[in-house]
Amino acid sequence: MNKLSLYLAAGALLTIPASCIQEFAPQQNGYITSDQASAAPGAYDNFVSGIIDNNNGHFFFGATDHFANDFGYSSFILERDAMGNDIVTYGGSTNWFSTWYEASYTLGPTYRNCQYPWTFYFSQIKACNTVLNMAGDDPDDSRKTGAGIAYTMRALYYLELAQMFAPQTYGADKNAVTVPIITHKTTIEEAQNNPNATNEVMYAFILSDLDQAETLLADYNRPNKYTPDLSVVYGLKARAYLVMCDWANAEKYAKLAAEGYEVLTADQYTDRNNGFNNAEWGNSWMFAIEVKPTDPCQTTNDGDNSWGTWMICEFPVGDEGLGYYNAYGACNIMDRHLYETVPATDCRKKCYLDFAIDEMESKEEVLAALAEYSDVPEYLFGTGLAQNQFGGLPLKFRSKGGNHSDPQYVGWCVDIPVMRVEEMKLIEAEAAGMQDEGRGKALLEAFAKTRDPQYEYGKHNEAYYNSSTPAFQNEVWWQRRIEFWGEGLATFDIKRLQKGIIRSYPGTNHIEGYRWNVQGVPNWMNLCIVQTETNYNIAAKTNPAPVAPKEDSPEYVW
């Protein structure tokens, strides 16, 4: 099951640009050229829509429901966050994200776990390249928007690939290598001898795509937040410049991206029916993924190949198809130390069950405590029993509309955040502070007090083995860890800030055997390029396979 076999051919196909299809004449067996496909009524718009529609909820690896972590973009959100401190993957082998938490050798270049991101991201890049090839170098008015969306999404995919695969981020080493670049103009011959782009080359390419998108989407009014617009282009520029440590541009584009949006209020953040499941709840979300009841990952395997089965836990225990939290005792919960650093006056603390509940002696006492968090405390009680753990269970991501009876076709069919204005506010604060600490501190405090009216600057600047990071930047990092828990930014920040991880400490809730304290960025956060790529692309190089620590670390005393 682990070894790659069927993807030996697919690995090469993923690098074939759409433009190459034009070199072949139509066959008599029903195949058509890309010119013919492009000329079909509505074809171009369908290709553009496909980029968004296929982003999530589809089986990218094997076209089956065999793998409960193969459901597209949102699965990589969880994989990245599980690599660090802040998510604990309970359930052992039943938890399909434990591989990333445990730094398994199966993250190496010859295993399917390594193939997941490569298959997804380059499939989506190929879809973008197809659209750009159809649009041409100077798209007419009917194709400008589609080309702008394709440039935006290609930039997003390469920005994430660069951060996942580079052993050093741009700010640490601009000459460190990332992944090979495939554009809509890359030929087969070029793809077969295509070296990994350096950070410097990759980020120039990403920004070039975003420059194109900025022009093409200048007057575009999108139909919904599942489709990128100019604000998302600015947001991606802010992300890129943040990694590059180009503080002036990071601040500039974060401010531009945030225009017209509003930070979630405390009540909106913790709402029991709409909390982190509705892109239109308030005016904070800038870009989102829609989980649809018709998605293949929802309609098969009781919906267990889905974001909701891993992140939403307010359902009855024992009934078939009610998620890994409840049916299988596998869950993703919050690191205890991180939870304990959140003041009681911070609204975000209400999104995770208190560890003190585990010390309560009667069911009645526990149910009364759970009613402070949920409209269905009896369901949450069963979830906690299934885990043998209440503390740290997340209630940030709620069932759609408060539905607790039909997860597969209602409750789990939620919106998932990809970009929020809160991220732009914190990028602006960090970038400003790295130029003028006083100005950055004022921006940080203004944001933090939307979450905790009693916020005091200077109490959340733990260095995590990197004392060279300014205390101000550590303070921003803590806000990002709390604000974006479960949203896929944790590993990116650890690598960007050159942090280590601390899982072994007094009272830890991390799993025995994986209680590691690692100074510097752990090597398993540098993903491996798959062997299928290096077999077909003679110039591509991969990272070493990860090596996990052999035993638990001595307890770190905070």
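Helices here are DSSP runs of H or I with at least four residues, numbered from the N terminus. By that rule, Q473 lies in helix α22, residues 471-483. The model is predicted.

- Helix α4 spans residues 73-82, and ten of its ten residues are buried, so the rest of the structure largely encloses α4.
- Its buried residues are Y73, S74, S75, F76, I77, L78, E79, R80, D81 and A82.
- That list includes the charged side chains E79, R80 and D81.
- Helix α6 covers residues 112-135, and its axis comes within 10 Å of the α4 axis.
- The two axes cross at roughly 140°.
- An angle must be over 145 degrees to count as roughly antiparallel, so α4 and α6 are classed as oblique to each other.
- The α4/α6 crossing is left-handed.
- On the α4 side, the contact uses Y73, F76, E79 and R80.
- On the α6 side, Y116, P117, F120 and Y121 take part.
- By type, the contact residues split into six nonpolar, two charged and no polar.
- Residues three or four places apart in an α-helix point the same way, because each turn takes 3.6 residues.

**Helices α10 and α11**

- Helix α10 runs over residues 230-243 and helix α11 over residues 247-258.
- Their axes come within 8 Å and cross at roughly 155°.
- The α10 and α11 helices are therefore roughly antiparallel.
- This crossing, too, is left-handed.
- From α10, the residues in contact are S231, Y234, G235, K237, A238, Y241 and L242.
- From α11, they are W247, N249, A250, Y253, A254, L256 and A257.
- The contact residues comprise ten nonpolar, three polar and one charged.

**Aromatic pairs and a cluster**

- The structure holds 39 aromatic pairs.
- One of them joins Y352 and W485 edge-to-face, at 5.2 Å centre to centre with 75° between the planes.
- Y352 sits in the loop between α16 (336-340) and α17 (363-370), while W485 sits in the loop between α22 and α23 (490-496), so the pair ties together parts 133 residues apart in sequence.
- Y352 is buried, at 2% relative accessibility.
- W485 is buried as well, with a relative accessible area of 2%.
- Y505 and W558 also form an edge-to-face pair, with centres 5.8 Å apart and planes at 65°.
- Y505 belongs to the loop between β5 (501-502) and β6 (517-518), and W558 to the segment after α24 (531-536), so this pair links parts 53 residues apart in sequence.
- Y505 is buried, with a relative accessible area of 1%.
- W558 is partly exposed, at 36%.
- One aromatic cluster is made up of F67, F71, W96, F97, W100, Y116, W310, Y324 and Y328.
- Y116 of that cluster is also among the α6 residues that meet α4.

- Q473 of α22 is buried, with a relative accessible area of 8%.
- Beyond residues up to four places away in sequence, Q473 touches W247, E430, M434, R496 and L497.
- W247 in that set also belongs to the α11 side of the contact with α10.
- T178 lies in the loop between α7 (141-165) and α8 (188-191).
- T178 is buried, at 2% relative accessible area.
- Leaving out residues up to four places away in sequence, T178 touches A162, F165, A166, N196, A197, T198, N199, M202 and I529.

- D302 has a positive phi, near 60°, and is a residue other than glycine.
- D302 is found in the loop between α13 (296-299) and α14 (307-311).
- D302 is partly exposed, with a relative accessible area of 27%.
- Q498 is not a glycine either, yet its phi is positive at about 60°.
- Q498 lies in the loop between α23 and β5.
- Q498 counts as partly exposed, at 29% relative accessibility.

Conventions. Residues are numbered from 1 along each chain as its sequence is written. This is a predicted model: local features need pLDDT of at least 70, side-chain atom pairs count only at pLDDT 80 or more; totals for chains, interfaces and linings use all residues. Side-chain values use heavy atoms; hydrogens and water are left out. Buried means under 20% relative accessible area, exposed over 50%, partly exposed in between (1.4 Å probe, protein chains only). Helices (H or I, at least four residues) and strands (E, at least two) are DSSP runs, numbered from the N terminus. Axes are lines fitted to C-alpha atoms, for helices over the stretch in contact, and angles run from 0 to 180 degrees between N-to-C directions. Angles under 35 degrees count as roughly parallel, over 145 as roughly antiparallel, 65 to 115 as roughly perpendicular and the rest as oblique. A crossing is left-handed if the near helix is turned anticlockwise from the far one by less than a right angle, and right-handed if clockwise. Contact means heavy atoms within 4.5 Å. Rings of Phe, Tyr and Trp (its six-membered ring) pair if their centres lie within 6.5 Å; planes under 30 degrees apart count as stacked, over 60 as edge-to-face and the rest as tilted.
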